[in-house]
Amino acid sequence: MSQSGAGVRNEGYPASMRDSIAKVEATRDQRLKEGPQKAMSPEQREQVLQEWHPDYKADKKRAVAVGPSKGERMPHEVVDLLEAYPVVDPRSINLASPDREVQVLILGGGGAASVAALFAHQEGIPTQDILMVSKLRHGDCNSIMAQGGIQAADRECDSPASHYIDVLGGGHYTNNPELVKALVNDGPLMIDWHEKLGALYDKVDGQYLEAHGGGTSRMRMHSAKDYTGMELMRVIRDEVRNVGIPVIEFAPAVELLLDEDGHAAGAVLTNLETDEYMVVKASATVLATGGFGRLHIQGFPTTNHYGATADGLIMAYRAGARVIDMDSVQYHPTGVAYPAAILGQLATEKLRNQGAEPVNAHGESFVYPLEPRDVESAAIIRECYGNNNGVSTPSGIRGVWLDTPMIDAIHGKGTLKKRLAAMWMMWHRHDIDITIEPALVFPTLHYQNGGVEIDADARTRIPGLFAGGEVAGGVHGKNRLMGNSLLDYNVFGRRAGISAAKWAKEHSAKTPTLKHIEAFCADLKSAGIKADRTAPIILPDYRREAVLERQLKTLA
Amino acid sequence: MSEEKLMQIFIMGKAYNVPAGITIMDAMEYAGYQFVRGAGCRSGFCGACGTVYRKEGDYRLEFALACQEMVEEGMHLTQLPFTPAPRSRYVLDDLDAGENVLLQHYPAIARCVSCNTCTKACPQDIEVMDYVQAALRGDLEKVSELSFDCIQCGLCSMRCPADIKHYHFAQMARRLYAVTQSPEPDHLQTRMSELAEGIHEAELDTLMKMNLEELKQRYAQRVIETEGEAS
């Protein structure tokens, strides 16, 4: 940050928002005394979702016209890419002499990819026979941005079954039960692995500081301040470096390869600096390419990293993998609504699990602070656009207050700054002290609930292709709970790495081909789809006015 | 945001007019740059977008994250690619947590001249020099505490006249501190043993066999734990 701090900066909240802040302050003591609103009944939840959640707007989706999930309805932004033509011309690539040959190729540079690499190695694959390839730097990913925590049912009053029912109810019972079982059973195992790697979880008197998340019945959220994702990612990445697993950065995959048996056989990469293609032949391939936040579904701003453009999803679909639950999108209830410079960035759910509650323009609480994310988001949208109780910013965006000073009022002065250091810093950079003043929030595009279909061993339908983390679907059904994405990438990254290693030891890929791409193009043509779009898009383009559009065209 | 007001900035020497009230990263995109390197999480957590700039009429070089710092009139900007720094490979379990362990792996720590340039360069406001001093004393706990918010952008190490690799040795210190001085709670091992014995399987299997109505009923019957309850 600038050391001098002079010049044109945001100077806290503008006068137009101060009246409302005064109302929030006026009701704070009473609200603290009365406690939060009651949680909604299942019927109330259903109603607010139907009426106000963006997923329930029928005109924002259409059925995909080609491929393994043909006929399923998904957001236009996703269908546009699933129905796009390839970036590479299959005939222009020399597949006969690959540039590299490895046993296990891991596509991605985030949490799931790193965990998969470590466990593939632990399963007996030498480091030089593993290759990680990443679009951005190793660790520039959503995993590193996760703030609030990771769920694991490790306390005596908790159980894998309690975790299981929370996950299923939160996901509207659409989750794959086998995947949920794997998720909850492996929770303690992964925490133990992190401990052995030297991750620093929050502890008080030697015990974990465990908290609730939206939709949990037991306090099982493990955290590392509000840098949980960063702490895990940097420790795991450090271990990948210690072990010496090769990583190629700025070399994303643009197409998967299949051999004549239809088995995964590696990938075509592109070097983002030289624009050259590189063919990597592999006996097993792990898809750990993350989600789709940067597609800005329905024009929403996003919490996601720069490379979250669904590349892996597109490649796997063309190669014959089914994608599931792609009709649902996670909007995090509390993205930043002011200042506009950081619009849509994440205000962690941990703010609410530590006591901050959503409050409307009149200083009234209107929702239980820890509903599952889709319900909480819908309730905030309703408050702003249904009940017209939102707060308007100078640029015309509406939001509600997250009454952050409640945290220190409940837990004692200094708690927020200690447990939520990243959040304090984010607003402090814009001259807002959230220990004194509330934060303005509105839902923001956060997570791809669905994805490539996998089984409990992280196998896709394509033999030799494994997937884990946000790119995969089925674990969370139609709505993920807080703290289950960090757990997901660990559990299924590990399973993908182990399964890939086992497969690679028993199978060698035959000559790779791109025949499936030619076939897919033929399907597109016969479905009457014009060749005016290509995918994967690799990086979003925010040049010129797109910068401002990204900030302003949303939410209205 | 006052998007109608434009201000002049300089990117690698060229003048551009950009709106006020946006970040350096957004300003560069507005000017026509598309990032390949130098952009990552865009939320201040990944350290990909360390940037240096100089303000009109100011002799000092300032340091920031391009995704977090607001653009200002007359700023001279340069995008920095991430500069790799050598790190010491180690086997965590084989490290001896004695007071010289950090010095053995990163001897440059001893060359610290206490100039505090590292601290001034830190976009996270970390007292970097203080944790270098703690490292010299072999105080792993202090290094861990002071360095915890480090996003490993590398600006400290890029500026250091002694070529200390702060963020790498701090990472090693935190991991070593965690495994030697912050033991895992007993209840985690208890649960691990229970899982190994399979004693939670039956309850899970029952749930997995339930139909939708039974699941909904079970979900509705959950008792939500309240704060302060004994575990």
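# Briefing on a predicted two-chain model

Pro339(A) sits in a loop of chain A, between strand 15 and helix 9. The model is a predicted one. In it, 75 residues of chain B are in contact with 76 residues of chain A.

**Overall build of chain A**

- Chain A contains 16 helices and 23 strands.
- Chain A is as compact as a globular protein of its length, because its radius of gyration of 23 Å is close to the 24 Å that the globule rule gives for 556 residues.
- Along the principal axes, the C-alpha atoms of chain A occupy a box of roughly 70 × 55 × 55 Å.
- Buried residues make up 62% of the 556 residues of chain A.

**Domains of chain A**

- The domain assignment divides chain A into domain 1, covering 15-52 + 330-445, and domain 2, covering 99-328 + 449-512.
- The centres of domain 1 and domain 2 of chain A, taken over C-alpha atoms, are separated by 30 Å.
- Domain 1 of chain A brings 25 residues to the contact between the two, and domain 2 of chain A brings 27 residues.
- On the side of domain 1 of chain A that touches domain 2 of chain A, two or more residues each come from strand 15 (329-336), helix 9 (350-353), helix 10 (373-386), helix 13 (421-428) and strand 19 (439-448).
- Strand 15 of chain A gives the most to this side of domain 1, with four residues.
- Sorted by class, the residues of domain 1 of chain A that touch domain 2 of chain A are 10 nonpolar, eight polar and seven charged.

**The largest nonpolar core**

- The largest nonpolar core holds 233 residues, and those that touch the most other members are Val104(A), Ile106(A), Ala116(A), Val286(A) and Ala500(A).
- Helix 14 of chain A (residues 484-506) supplies the largest share of this core, 10 residues.
- In soluble globular proteins, nonpolar side chains tend to be buried together.
- Not counting residues up to four places away in sequence, Val104(A) touches Ala120(A), Ile125(A), Asp129(A), Ile130(A), Ala282(A), Ala284(A), Val286(A), Ala500(A), Ala501(A) and Ala504(A).

**Contact between chains A and B**

- The contact joins 75 residues of chain B to 76 residues of chain A.
- On the side of chain B that touches chain A, the elements giving two or more residues are helix 1 (24-30), strand 4 (62-65), helix 7 (166-181), helix 8 (186-197), helix 9 (201-209) and helix 10 (212-220) of chain B.
- Helix 7 of chain B provides the largest share of that side, six residues.
- By class, the side of chain B that touches chain A comprises 37 nonpolar, 16 polar and 22 charged residues.

**Met482(A)**

- Met482(A) lies in the loop between strand 22 (472-473) and helix 14 of chain A.
- Met482(A) counts as buried because it has 30 C-beta neighbours inside 10 Å.
- Leaving aside neighbours within four places in sequence, Met482(A) is in contact with Gly148(A), Gly213(A), Gly214(A), Glu349(A) and Arg373(A).
- Met482(A) and Leu370(A) are 112 residues apart along the chain, yet their C-alpha atoms are separated by 9.9 Å.

**Backbone features in loops**

- A cis peptide bond, with omega near 0°, runs from Ala535(A) to Pro536(A).
- Pro536(A) belongs to the loop between strand 23 (534-535) and helix 16 (546-552) of chain A.
- Lys225(A), a residue other than glycine, has a positive phi near 50°.
- The loop that holds Lys225(A) runs between strand 9 (221-222) and helix 7 (228-243) of chain A.
- Lys225(A) has 22 C-beta neighbours inside 10 Å and therefore counts as buried, for which 20 or more are needed.
- Ser114(B), likewise not a glycine, has a positive phi near 55°.
- Ser114(B) is placed in the loop between helix 2 (101-105) and helix 3 (117-121) of chain B.
- Ser114(B) is exposed, because 10 other C-beta atoms lie within 10 Å and a residue with 12 or fewer is counted as exposed.

Definitions and conventions:
Residues are numbered from 1 along each chain as its sequence is written. Chains are lettered from A and ligands numbered from 1 in the order in which they are written. This is a predicted model: local features need pLDDT of at least 70, side-chain atom pairs count only at pLDDT 80 or more; totals for chains, interfaces and linings use all residues. Domain bounds come from an automatic or database domain assignment. Two residues are in contact if their C-beta atoms, placed from the backbone, lie within 7 Å. Ala, Val, Leu, Ile, Met, Phe, Trp, Tyr, Cys and Pro count as nonpolar, Asp, Glu, Lys and Arg as charged, and the others, Gly among them, as polar. A nonpolar core is a set of buried Ala, Val, Leu, Ile, Met, Phe, Trp, Tyr and Cys residues joined through C-beta atoms within 7 Å. The radius of gyration is taken over C-alpha atoms; the globule rule is 2.2 Å times the number of residues to the power 0.38.
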